[in-house]
Amino acid sequence: MSSSVTDLTMAHLVGHTPLCWIGEPFAPRGHGFWAKLEGANPGGLKDRAALYIVEQARARGELAPGAAIVESTSGTFGLGLALAGIAYGHPVTVVTDPGMEAIIETLLVSYGVRVETVADPHPLGGWQQARLDRVARLLTDDPGAYCPDQYNNPDNVEAYASLADELLAQLGRVDVLVCSVGTGGHSAGVARRLRLHQPALHLAGVDSVGSTIFGQPARPRLMRGLGSSIHPRNVAHEAFDEVHWVAPHEAVWASRTLAQTHYASGGWSVGAVTVVASWYARTRPPGTRIAAIFPDGPARYYTTVFDDAYCVEHGLLDRPPADEPDEIKHPGEAEVTQWTRMVMC
């Protein structure tokens with residue numbers, strides 16, 4: 001980080017997040033996995049990427065002092081950019097859609113961020129493409145503005161080397177890494193760094209049903225923060241050993257059960273990752289060291305995952321995942337609607 005007083009004051013708030021052991025009832029006594037609690041960052045996991053991307057863009061001269069930052073986000077990366085904008089002195093505009101939670105929009109505005117909301121999804125690329133089209137128009141209107149392009153910027157991958165280093169310092173080794181996949185940044189960055197020390201690391205990606213990242217058809221999705229209706233270049237498809245698709249009701253069950261039994265919880269991504277990581281904990285030999293990345297905490301999900309009325313409306317309550325996932329051999333074999341596993345060739 002730069003040596004300015006403001007920058008240093010804020011940068012030290014990001015990283016060095018704790019681990020939490022997740023055991024029963026997700027796995028038998030003596031079995032479990034380690035959850036990396038990225039919600040302990042001021043805004044969540046993507047604080048790491050936002051600060052790093054902005055720092056690198058400034059260093060390369062792509063982002064001039066005081067120039068605007070314009071980006072598409074469903075929430076967490078926007079919070080990271082708010083932090084980076086304050087730290088480095090840049091106004092920030094984020095483009096989102098009606099699915100952004102009111103608490104996140106309120107926080108962004110409180111942090112001085114300008115929030116633009118698109119009204120209609122793109123007919124093919126859904127809300128994400130609609131947001132990206134608006135970003136492109138804003139950049140045309142302000143040629144000096146900078147777009148971090150979290151979906152395709154390789155700095156989004158490099159930013160997570162620090163997270164991998166923390167896992168190694170905390171755990172000594174990681175045998176299985178479980179990550180949600182949206183932009184693809186943290187799964188690619190953490191796995192690449194860990195494999196410098198452990199080439200045999202097993203990487204499991206966790207996607208949402210209705211996401212097109214791993215070859216399924218794009219469908220409307222309740223879950224935010226994982227999955228995509230476009231194809232981000234930062235997704236390192238070749239790095240994954242397996243991919244698991246998880247449905248919203250399965251993620252809700254896991255997030256709520258985490259809250260009741262471990263206090264450490266979160267939203268859609270945390271629930272989906274827990275479904276998969278706990279399966280590894282139940283099925284891998286004793287002593288296997290499993291690490292799962294929890295991207296954020298539960299606070300922003302009080303109107304969705306933790307809201308009974310919302311969950312009843314969408315049929316999400318009291319529907320735990322099966323003990324074992326369905327399996328397909330290639331993404332065109334079937335359109336998945338519940339927890340499903342595919343081994344990557």
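Where is the place of Pro-285? Select Pro-285: its place is in the loop between H10 and strand E9 (290-294). Pro-285 is exposed, with a relative accessible area of 52%. Here buried means under 20% relative accessible area, exposed over 50%, and partly exposed in between, with a 1.4 Å probe and protein chains only. Helices (H or I, at least four residues) and strands (E, at least two) are DSSP runs, numbered from the N terminus.

Before going on, note that this is a predicted model, in which local features need pLDDT of at least 70, side-chain atom pairs count only at pLDDT 80 or more, and totals for chains, interfaces and linings use all residues. Residues are numbered from 1 along each chain as its sequence is written, and side-chain values use heavy atoms, with hydrogens and water left out.

**Whole view**

Show the whole protein as a cartoon. There are 11 helices and 11 strands. The radius of gyration is 19 Å, close to the 20 Å that the globule rule gives for 345 residues, so the protein is as compact as a globular protein of that length. That radius is taken over C-alpha atoms, and the globule rule is 2.2 Å times the number of residues to the power 0.38. Along the principal axes, the C-alpha atoms fill a box of roughly 55 × 45 × 40 Å.

Switch to a surface. The accessible surface comes to about 14100 Å², and 55% of it belongs to carbon and sulfur atoms. Such areas come from the Shrake-Rupley method with a 1.4 Å probe; for residues, only the protein chains shown count as cover. Of the 345 residues, 58% count as buried. Among contacts between residues at least 6 apart in sequence, 70% join residues at least 24 apart, where contact means heavy atoms within 4.5 Å.

Colour by charge. There are 26 positive and 37 negative side chains, and the centres of the two sets lie 3 Å apart. Lys and Arg count as positive and Asp and Glu as negative, while His and the chain ends are not counted. Each charge is placed at NZ of Lys, CZ of Arg, CG of Asp or CD of Glu.

**The aromatic cluster**

Next, select Trp-279, Tyr-280 and Trp-339, which form one aromatic cluster. A search of the whole structure finds six aromatic pairs. The ring centres of Trp-279 and Tyr-280 are 5.0 Å apart with planes at 70°, so this pair is edge-to-face. The rule is that rings of Phe, Tyr and Trp (its six-membered ring) pair if their centres lie within 6.5 Å; planes under 30 degrees apart count as stacked, over 60 as edge-to-face and the rest as tilted.

Trp-279 and Trp-339 also form an edge-to-face pair, 6.4 Å centre to centre with 85° between the planes. Trp-279 lies in helix H10 (residues 268-283) and Trp-339 in the loop between strand E10 (326-327) and strand E11 (340-343), so the pair ties together parts that are 60 residues apart in sequence.

**Helix H7**

Move to helix H7 (residues 161-171) and show its side chains. The buried residues there include Ala-161, Leu-163, Ala-164, Glu-166, Leu-167, Leu-168 and Leu-171. An α-helix has 3.6 residues a turn, so residues three or four places apart point the same way.

**Loops and backbone angles**

Select Glu-24 and Pro-25. A cis peptide bond joins them, with omega about 5°. Pro-25 is in the loop between strand E1 (19-22) and strand E2 (33-37).

Go to His-16, in the loop between helix H1 (5-11) and E1. Its phi is near 55°, a positive value in a residue other than glycine. What is the relative accessible area of His-16? The value is 69%, and His-16 is exposed.

Asp-318 is the next stop, in the loop between helix H11 (308-313) and E10. Phi of Asp-318 is near 55°, again positive in a residue other than glycine. Asp-318 is exposed, at 74% relative accessible area.

**Two distances to check**

Select Glu-238, in the loop between strand E7 (202-208) and strand E8 (242-246). Glu-238 is exposed, with a relative accessible area of 71%. From Glu-238 to Ala-281 the C-alpha separation is 24 Å, and the two are 43 residues apart in sequence.
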